[in-house]
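Colleague: Hey, could you walk me through this one? I'm new to it.
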Amino acid sequence: MPQKGIIESIVAGYKKDPSRLIDMVREVQKKLGQVSSESAAKIAALLNMSKVDVEGVATFYHFFSTVPAGTYAVYLNNNIVADMKGRKAVAEAFEIETGSRFGTTTADGLIGLYETSCIGMNDQEPSAIINGVVFTKLTKAKVKELVAAMKAGKDIWKMAKPYGDGANHSKLVQAMVCNHIRKKGPVLFTPFKSGAAIKKAVTWTAEDVIAEIKRSNLLGRGGAGFPTGLKWEFCGREKALPHYVVCNADEGEPGTFKDRVILTEMPHLLFEGMAVAGYAVGAQEGILYLRAEYAYLKAHLEQVLDTLRKKNLLGKNIAGKKGCHFDVTIKLGAGAYICGEESALLESAEGKRGEPRDRPPFPVTFGYRGLPTTVNNVETLCTAARILDRGAGWFKLMGTPKSAGTKLLSVSGDCVKPGVFEIEFGLKVQDLLKMAGARDAKAVQVGGPSGTCISRGQFERRLCFEDLPTGGSVIIIGPQRDLFEAVHNFMDFFIEESCGWCAPCRAGNAILKKKLQKITSGKGTSKDLQEIESWGKTIKATSRCGLGQTSPNPILTTLQNFREMYEAKIHGDTDFVSEFDLEAAIKAASTVTGQKLTEAHHE
Amino acid sequence: MNKIKFTIDGKDCFAEPAQTIMEAAIANRVYIPALCRYEGLKPAGSCRICTVRVGRSHMAACTQPVAEGMVVENIIPDLEDMRKSIVEMLFVEGNHLCPTCQKSGNCELQALAYRYQMLVPRFPYEFPLRQVEPAGPNLLLDHNRCIQCLRCVRGITTKDGRPIFGHIKRSRKMKISFDRELVAALSPAEAKKAMDLCPVGAILKKEVAFTVPIGKRKFDRIPIGSEFENKRS
């Protein structure tokens with residue numbers, strides 16, 4: 001039972017503002033270990049909402065639980081690269097040491113074990129988050145230590161050692177996470193003197209700032225590649241006030257972790273980019289929507305914000321310009337891939353379920369709280385700040401005609417040097433593989449599960465918007481791997497992360513996965529290949545948002561580029577293979593009766 | 001104000017500014033199959049049955065505004081097959097046993113299945129385990145038949161605008177739920193409205209299931225869409 005007054009004080013702490021519902025629920029979860037039905041009812045009553053709406057939020061996000069989640073809640077990353085790096089053994093060790101199964105808590109309620117989608121640590125897997133603290137490169141021995149510490153009631157935070165490099169080592173972060181910056185480029189990882197961009201910007205008109213960004217040909221770095229200058233222009237000219245700048249720091253595409261490194265090492269560049277965007281679109285308020293998995297960076301980021309305020313680069317009359325105000329607040333997510341979709345992110349930032357909106361209207365006209373909002377990726381905003389500092393001409397000298405500048409890639413999987421690489425657009429995949437020390441890759445997943453899986457014959461292709469666009473995730477799959485495992489893993493990911501709103505995505509992906517299972521278990525025919533392709537196209541065409549419109553890609557792109565792999569699995573010479581397995585069907589009955597019914601039948 | 005001119009399957013149509021394709025289609029007496037849409041409710045775009053094609057893009061007619069000169073494709077074989085496949089997905093995702101359903105003959109999912117002459121879904125059945133729960137003194141909520149169209153969520157509210165139904169969880173686990181106190185306060189007339197709003201047999205008012213016998217119900221008499229389309233045999 002909730003202690004008296006706890007819920008009241010939490011709700012009062014957020015001034016009974018329903019748009020802070022996620023923050024309230026997070027605090028309830030943290031203080032009471034769950035968001036019970038009673039807690040939901042109490043919150044609803046205090047906010048004059050329906051209880052079911054509070055429950056809707058509490059059950060949408062992965063890191064909330066309506067039953068006790070455990071004094072220590074272990075969230076083990078289940079993506080494919082974690083599998084490659086030994087997740088199964090680690091998961092087993094957790095189960096053996098705790099005596100409990102994944103998806104449940106120990107009988108005494110002390111430790112809960114859960115799987116979770118990619119937590120942005122692909123270059124240091126297997127990894128897990130325990131009570132918000134990140135543990136990387138887990139081994140059986142480390143798990144043993146961790147479980148012993150939890151059983152002894154120790155502060156889990158003290159077990160996160162050794163600390164990683166750079167700011168990961170700093171007092172406000174103290175995380176095991178490593179940056180693994182393998183290649184520094186001129187845009188993102190060159191030292192940046194705070195003020196260099198915003199001080200220049202405020203001497204120009206907002207229109208001139210936008211014109212400079214347009215001249216640079218900067219395209220959004222989150223994956224969709226919308227021209228940033230145009231977005232700012234659309235937002236800036238909207239009449240409704242106020243305008244908002246929202247930074248999308250919810251990178252959830254499996255295999256991407258580049259924004260984490262930027263947030264760790266170059267947050268001042270990011271915040272300056274937000275200030276420049278604010279000046280350009282006429283916004284005084286910026287929001288950094290930070291994925292819950294990166295909550296360990298929040299204190300660090302808050303401190304950087306404070307420093308910038310002290311330097312008068314944020315706050316009132318910034319950079320010495322009268323009437324020019326801009327500040328940033330940080331809003332935390334709570335575990336949902338879909339919130340990387342900009343309209344779902346806005347819903348979530350307003351304290352609701354992270355469900356995408358119908359568009360049009362687009363966020364530039366109807367965004368945060370229904371007001372004009374520019375939503376930009378972390379890397380995009382950093383790049384914009386650098387363009388202001390160095391100039392569009394300088395920027396355009398890098399990259400390809402249609403993809404100016406550099407791109408930060410998160411490289412993981414079967415390679416010697418996983419980590420982030422800031423490369424010029426136009427780099428050939430094979431050159432990236434060389435840099436990462438991946439000599440004999442058989443497949444490369446470009447752009448994460450929602451992107452494309454390419455085969456050796458395509459390694460000459462170039463990473464850029466004209467050829468192979470990517471939000472940054474590059475997963476290398478070595479010759480020893482069964483590519484089907486990756487395809488299955490990616491489909492499981494989309495099934496779990498679909499918001500459930502629209503029918504084709506909610507129901508269709510599970511149907512595709514079942515068909516894939518039929519094929520990989522050797523029961524498929526060429527008709528199954530035709531069907532899976534056709535069904536995948538229907539889901540892509542009819543789904544409501546980018547998630548469903550790309551979710552069949554793991555199957556469709558491997559079917560296109562690794563057709564022989566599928567053909568080796570199917571019976572090409574027949575139209576029908578029975579899926580019915582008599583032994584399996586009567587297994588339960590056989591166990592109960594102690595006899596093999598098939599034998600009895602044959603006698 | 002000038003009307004917007006556009007076409008649906010070659011037919012010249014006219015729309016008011018800001019109308020959606022669906023609203024304009026209805027005004028022009030053109031049937032676009034749909035399931036989650038309900039007159040007077042904010043469109044949800046959740047069932048995707050009303051997907052139409054404009055150029056190379058697919059879009060939900062219920063949420064997409066009409067634009068001048070738009071060339072909308074609607075009743076064409078590949079779109080109709082996509083719609084049929086979504087109907088089939090909804091059939092296999094839940095447990096839809098028409099012969100035992102109180103809503104048979106008044107059910108829009110069933111009516112669409114008839115329209116598309118669905119004999120058996122192309123997808124394997126999932127037979128999920130779902131529950132039937134009482135919702136206050138007047139209603140039953142049968143999750144087996146729910147298609148998550150969100151009509152009840154959008155359409156049934158308290159006088160001060162609070163929703164009585166809501167949806168919880170996500171992904172395939174998403175389901176309709178309700179505020180117990182608020183649902184208990186629904187009058188019999190409001191409960192009847194909730195049942196009528198539900199396109200399938202998921203929200204049922206107690207004690208009225210068979211007032212109109214099966215065989216004499218809405219879609220037993222006329223196929224869905226026939227108010228605009230020539231009656232199909």
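Modeller: Two strands pair if DSSP finds at least two bridges between them. Helices (H or I, at least four residues) and strands (E, at least two) are DSSP runs, numbered from the N terminus. This is a predicted model: local features need pLDDT of at least 70, side-chain atom pairs count only at pLDDT 80 or more, and totals for chains, interfaces and linings use all residues. Residues are numbered from 1 along each chain as its sequence is written, with chains lettered from A and ligands numbered from 1 in the order in which they are written.

Colleague: OK, in which sense do β1(B) and β5(B) pair?
Modeller: Parallel, over two bridges; β5 is residues 71-73 of chain B. Thr7(B) stands opposite Val71(B) there.

Colleague: And how many bridges join β1(B) and β2(B)?
Modeller: Five, in the antiparallel sense. Thr7(B) has Asp12(B) as its bridge partner in β2(B). Two residues sit between the strands of that hairpin, where Asp9(B) takes a positive phi near 50°.

Colleague: Switching topic: why is α4(A) largely enclosed by the rest of the structure?
Modeller: Because eight of its eight residues, 51-58, are buried (20 or more other C-beta atoms within 10 Å of a residue's own, with C-beta atoms placed from the backbone). Lys51(A) and Asp53(A) are among them.

Colleague: What do those buried residues of α4(A) pack against?
Modeller: α2 and α3 of chain A, together with β8 and β9 of chain B. Contact here is C-beta atoms, placed from the backbone, within 7 Å.

Colleague: Last one: what's the strand order in the open sheet of three strands?
Modeller: β6-β7-β10 in chain B, with antiparallel pairing. β6(B) and β10(B) are the edge strands.

Conventions. A residue is buried if 20 or more other C-beta atoms lie within 10 Å of its own, exposed if 12 or fewer, and partly exposed in between; C-beta atoms are placed from the backbone. Two residues are in contact if their C-beta atoms, placed from the backbone, lie within 7 Å.
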